[in-house]
Amino acid sequence: MRLKKILLLGGLLSLTLTSWSQDKKWVEVAYDDCGEKGKQPHLVLGENYEMPAELSGSTAQRSCNFGGKVIYAFDKMDIHADYRMEVTFLADSERIIEIVADGNPVCESIHLPAGEVVKKTIDLPRHSFAYGQFVMVVNPVKGPNAIISGIRILSSDPGQLAAVSEESREALKSVQAYVVDTQVDAEQVLPTYVPIPASVKDVYRNQLSLNGEWLFSEQAEGEDWHRIMVPGEWCMQGFKVDSAAFARYQKNFEVPQDWKGKQVILRFDGVHSEYKVFVNHRQVGSHLGGMTPYEVNITDALQDGTNVLSLQVRSESLADMLGSLTQYAAHQLGGITRKVTLFAVPDIHLSDLRIQTDLDENYRDARLKLYVAVRNDSDRPSRKVSLKAVLDKHEASGSLNLPEIAPGETWKGWLEMDVKSPLLWDNEHPNLYRLHLDLYEGENSIAQIEKKFGFREVEVRGNRLLVNGRPVKLRGVCRHEAHPLYGRSLTDEEWKADAELYRAANCNFIRTSHYPPAEEFIEYCDELGLFVELEAPVCWIGHHANENWQKLNYKDEKYYDYVLQADMETVHFYRNHPSVIFWSMANESYWNKGFAQVAEYMKKADTTRPFAFHDQAYGGFNNQGSTAPIANIHYPGPGGYQEAAKSDRPMTYGEYCHLNVYNRSELVTDPGIRSDWALALAPMWENMYATDGVLGGSIWSGIDDIFQLPDGNAVGYGAWGPVDGWRRPKPEYWDMKKIYSPVKLHTEALEPARKLVIDVENRYTYTNLNELKIRWTYGKESGMSVLDVAPQGRGQLVVEVSDPSASNQLSLEFVDPRGFVADEYLIPVGEQKQNQVEAPARQRTKVKQDKSRIRIYGKNFTCLVDRSTGMILSVEKDNRQILSGGPWLMALPLTGGGCYPNHNAETPVFNDLCKGWKVTGVEVSEEGQDVRLKVSGSYDGFDGQYDMQCERRDPG
């Protein structure tokens, strides 16, 4: 019921509209008389049988299929339609059976008493036919075998269902188990990322940026060159390249003279998504994958003077498809999208550095462990090579003498040191140290590495994730690399702004959906204090959202070489960042042997963190039994916390509570409905916070994924963000900030007193409230308070005021130790009187009517109503018309089926009115000093009534 009030200066009309409804129509789209030859077109596996005639039931009910399992398959299903299945059973002995689709039950187990006809109606979950095909397996739970007598499928779509092909029928008859190799060696598949030295002996500047202006050609051949900026997408700079074609980049550069005798390495932080690298027209390398770095040693291809660097780049590739990257962004992502760096290292140089910090059982002292690799690219054995490590802001140091390293070989080992009482890194206290690591040859330091890192330890205990020994609760958002004008190629301004905006909104966690971001953003997370789940660029493998899998087999082993590569590159490049507390192997993909094998590499590649796999940890959709240490569920619903409480693994809500975005027409028509979002998020978060098994969650999504193309078109996956693409907070941003607040006040109102006492809950994980600045204001009085409440504790804040009567509200501001306002409260004190105005005196309203019109009037005001239609003709005040016509019903279509959030800049305001209005009754009556009008009637497809109450007040 919706209530609308119209204030008429001297009169008030209240319109009450009833709710309206329509019924769904079901159409039979498939029928199988199980056990009857020629009448079971969808049967895949099962023997025919007819029950004895003495059993109750019709002939059709006595005929059945039976077997160790019975399989039926239905093809040509509309993934956007609704389907209902009616199944019939008649068993000669007691049985319990289950009906499974895609490895998951579609309903509760069904009990079949001996000799009784049992009928069951099942609304099929959409996941069971996500690829347009429903494969139904009937399994015995109790009893000699599976049995079924009849299947009838109804749908909201009249399209008839087809049988699967004979080839598919044979493939569906068997289900094969898989075995994975648990003895894998991750070191054999990890890429090489040489640590860039801060300085190199006898070199003035050992690294050069190749960002800036390049030459670009949309063609694979020829001399049609244009200027383009790097980093950047070519699409967002107005260029168009065929999806299957290679475009070209070219840039000239000179190598500094003092780099002679050094190894020169070229690193691309991101080129989308398949490319070949040439130096002086000689191919030096190639890479598949647009969201992970690649580097190559180009020393042998260099020449004196000017060198020519060129790339052949294709946007759409296997990597793009397996990451659903172009599909997700709704435009080509092709280009050199992240920074390009050229750097020099000595012939003998550090080729790997992994920083591990092991804390003692009290989480006080640490063992700093540096896994190092030193490579000899010279033509002679190394002599007297050593490493020396020093921490700034601490006296800890260590050194290591290396054995002789033969030319072309690499030595690998550990340098370890004890560190007493380091300041630990956590998201609330992002304490960073700088490691100085010198590589010596003899007495000479030949290269110096500097790396910021933090002392912190991540571990899984039962169904909780601990960081530095404390269980964490993740208040998160998902985040894309997105800008309306730059696409997925950002600048320092956006990376810093995003980290600051999310942190100021009381988010303590970022999920990097659905690929690794630029390293600069992760560095800001290290510095500012945000936990990170870093996701590999693998998305929707096997999932219906990527329509390629309707034709391709997602279990095909040929895809998993790239999946392994993408995951290993993600882990190895970002491993030294303390903000990264766990990895994600993939987004919304179907677990299978390929992923199970990659998971074994994940365990070996990084033993300091767990990892997640974004499927569904329970329920019927996309739940193939993944074994990642962190369980995941997307959009669990309000009761999800009850399922998570049963989990033996920490469970993260990888995506949850997305903003209103599917209902674009409604949002354009009535933006006020967006305020409903917080009403759902608030209770959901409270249940998540109170449940140990819920690790936390990441709201989908952190930022609008919308791009303004140079041709004027706007595309993208949707306006999901609490922050828009221009980094402007939306109303939902402030809802999220309040709901995620680490400071909760449980005092809703106070009585005037010199001591105002407020109940406070501290939801910080590591921060005592005495670290916060607490500012209060009461009337003209103000001050600062200190409150000693340990993390996860509760206490009372006492504010002393000199004059309790000076105000009727207490203002409180809580400033986080990192410098932003975590929360603000305004608590009412005593009786609340705000700008009160005495109600105008009530005047009598009168009514006159004839056969055609109803006249409702009072002093200086008249309302005319057409008796034949029940509609208002006009409302006048002081002889001036202020309303003409109505009320009219506007009903937005109730559209079911698939969800399409993709941005459309042309979404119209939906203002079509309902049609076919017929009035069935008009009643008018005087009630006290007011007049009430009741009109009933119907539109095409709707019926109901509205009430209008007219009252007049004299404002005096």
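Let's start with S324, which counts as buried because its relative accessibility is 2% (buried means under 20% relative accessible area, exposed over 50% and partly exposed in between, with a 1.4 Å probe and protein chains only). You will find S324 in the loop between helix 3 (318–322) and helix 4 (325–329); helices are DSSP runs of H or I with at least four residues, strands are runs of E with at least two, and both are numbered from the N terminus. S324 is not a glycine, yet its phi is positive, at about 50 degrees.

Before going on, a word about the model. It is predicted, so local features need pLDDT of at least 70 and side-chain atom pairs count only at pLDDT 80 or more, while totals for chains, interfaces and linings use all residues. Residues are numbered from 1 along each chain as its sequence is written, and side-chain values use heavy atoms, leaving out hydrogens and water.

Now look at Y635, another residue other than glycine with a positive phi, here near 55 degrees. Y635 sits in the loop between strand 44 (631–634) and helix 9 (640–644). Its relative accessible area is 35%, so Y635 is partly exposed.

Next comes N280, in the loop between strand 21 (274–279) and strand 22 (282–288). N280 counts as buried because its relative accessibility is 16%. Its side chain joins that of N307 through a polar contact of 2.8 Å; a polar contact is a pair of N or O atoms within 3.5 Å, where within protein one must be able to donate a hydrogen and the other to accept it, and residues adjacent in sequence count only if both atoms are side-chain atoms. Leaving aside neighbours within four places in sequence, N280 is in contact (heavy atoms within 4.5 Å) with A301, L302, Q303, T306, N307 and V308.

The one from S513 to H514 is cis, with omega near -15 degrees, and H514 lies in the loop between strand 40 (509–511) and helix 6 (519–528). Another cis bond joins G886 and P887, with omega about 0 degrees; P887 belongs to the loop between strand 61 (880–883) and strand 62 (918–927).

Finally, let's visit a pair of helices. The axes of helix 11 (residues 676–690) and helix 12 (residues 731–739) come within 10 Å and cross at roughly 20 degrees; axes are lines fitted to C-alpha atoms, for helices over the stretch in contact, and angles run from 0 to 180 degrees between N-to-C directions. The contact is made by W677, A678, L681, A682 and W685 of helix 11 and E732, D735, M736 and I739 of helix 12.
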